[in-house]
Amino acid sequence: MTLTPILDAKLAEDGPAISGLKPGMDPISDAAAGQWTLIWRKFLKQKVALFCGGVILALYLIGAFAEFLAPGLPDTSRAQYTYAPPQSIGFFTPDGQFQLHVKGYKVEIDRAALRRTFVVDDSVIVPVGLFVEGSAYKFWGVFDTNRHLIGPLDPTQTMYLLGADRLGRDLLSRLIYGTRISMSIGLIGVCMSLFLGVVLGSISGYFGGWVDTVIQRIIEVVSAMPTIPLWLGLAAAIPLTWSPLNVYFVITIIVSLLGWTGLAREVRGRFFSLRNEDFVTAAKLDGSSERRVIFRHILPSLTSHILAVVTLAVPSMIIAETSLSFLGVGLKAPVVSWGVLLQDAQNIRSISTAPWLLIWPSLAVVIAVLSFNFFGDGLRDAADPYET
């Protein structure tokens, strides 16, 4: 009696276990897939992270098309609508016709507080449309246009979907324009921190010795500095005569110079564990230079981890800019950011009579930070080879 048929059947039954595949895995699609394909498939299972990724994409699209999406210009003020409350969009007019509209205001005098208040005037209907003509602007600085996604059909009328501030400026338009500044500062700041953290961490972990000692002492000095007082000192040194664009780049540099230490330490630790691996030794024996070994052999193996860490670092950059601007030492008018909006609202009258000036910018910061955190967590889990 031959044992060949029995052995063949046993091998066919245990094939996936012998090849290292888990039960239920597709031998072709999973075993032969590359690193990024496996990460993407695992990330697709993170439903919360996928949703937050869509929110982040939407925020950046809002920033990119701010001029078109905003109902008006951020600096257009109307003194007669100071602290005007938010208006809600209606779909049917009192006579039953379908028409997007908002109801107008009428002013009443609060004799107890000795100030005027706005109340809804049902008799005033302001028709609202899509792709309407409004205030002229230069889209992306390339061509002039006056088309807006939404706005009153009559440009002389007003619409404040999120209310107005102390100068009668549309908060929705200012919030949309602020999205561009706050989100871009986080992205640019992380890119600068990524460069410093990866380069210094790679050099420190690969060479070791006195090079590692010097870089680690620099990291310890930077990490030991109190963050907020240091921000205040650096931001206060910015001359008042500088243009808003120069201030924007200086604030970006400030938040970047303090955010690279954590990434540098993580990269250093991974380099310590990988610099003596067989593939590194083979690259050295093949005649590769030290720079090529660092940036072409070791660093690509950390790409997924670095990507997850960077994603989690963006919220700290956004909060840093918001904190500086809120304290009055960061970005200032006429630049519009979420921190500037919060700084404008920090007075007793805004808190008591116009709480929307604090609610909407704060909500934007919370949504952005939570989205990046959940997105980064999902990306980190997908990039972790030990996660199933």
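Begin by selecting D75 and R174, whose side chains form a salt bridge with an N to O distance of 3.8 Å. D75 belongs to the loop between α5 (66-69) and β1 (89-92), while R174 belongs to helix α6 (residues 171-207), so the pair ties together parts that are 99 residues apart in sequence. The model on display is a predicted one. Colour the two residues by accessibility: D75 is partly exposed, at 45% relative accessible area, whereas R174 is buried, at 3%.

**Further salt bridges**

Side chains of opposite charge can pair when their charged atoms come close. In this model the count of such salt bridges is eleven.

Next, select K138 and D144. These two residues form a salt bridge, and their closest N and O atoms are 3.1 Å apart. D144 is exposed, with a relative accessible area of 59%; K138, at 43%, is partly exposed.

Then move to R217 and E220, where the side chains meet in a salt bridge at 2.7 Å, N to O. Both residues sit in helix α7 (residues 209-224), three residues apart, which is about one turn of the helix. R217 is partly exposed at 40% relative accessible area, and E220 is likewise partly exposed, at 36%. To view a network, select D75, D165, R169, R174 and D344 together: salt bridges that share partners join these residues into one.

**Helix α7**

How far apart are the end C-alpha atoms of α7? They are 23 Å apart, which agrees with the 22 Å that the 16 residues should span at 1.5 Å a residue.

Now display the side chains of V211, D212, I215, Q216, I219 and V222, which are the buried residues of α7. They cover an arc of only 120° around the axis, and therefore lie on the same side of α7.

**Cysteines**

A disulfide is a covalent bond between the sulfur atoms of two cysteines. How many disulfides does the model contain? The count is zero. C52 is buried, with a relative accessible area of 6%, while C191 is partly exposed, at 47%.

**Positive phi angles**

Most residues other than glycine have a negative phi.

Select Y83 to begin. Its phi is near 60°, a positive value in a residue other than glycine.

Finish at F131, which is not a glycine and yet has a positive phi of about 55°. F131 is found in strand β3 (residues 115-139), and K138, from the salt bridge with D144, can be displayed alongside for orientation.

Technical notes:
Residues are numbered from 1 along each chain as its sequence is written. This is a predicted model: local features need pLDDT of at least 70, side-chain atom pairs count only at pLDDT 80 or more; totals for chains, interfaces and linings use all residues. Side-chain values use heavy atoms; hydrogens and water are left out. A salt bridge is a side-chain nitrogen of Lys or Arg within 4 Å of a carboxyl oxygen of Asp or Glu. Helices (H or I, at least four residues) and strands (E, at least two) are DSSP runs, numbered from the N terminus. Buried means under 20% relative accessible area, exposed over 50%, partly exposed in between (1.4 Å probe, protein chains only). A disulfide is a pair of cysteine sulfur atoms within 2.5 Å. The expected span of a helix is 1.5 Å times one less than its number of residues. The arc is that of the directions from the helix axis to the C-beta atoms.
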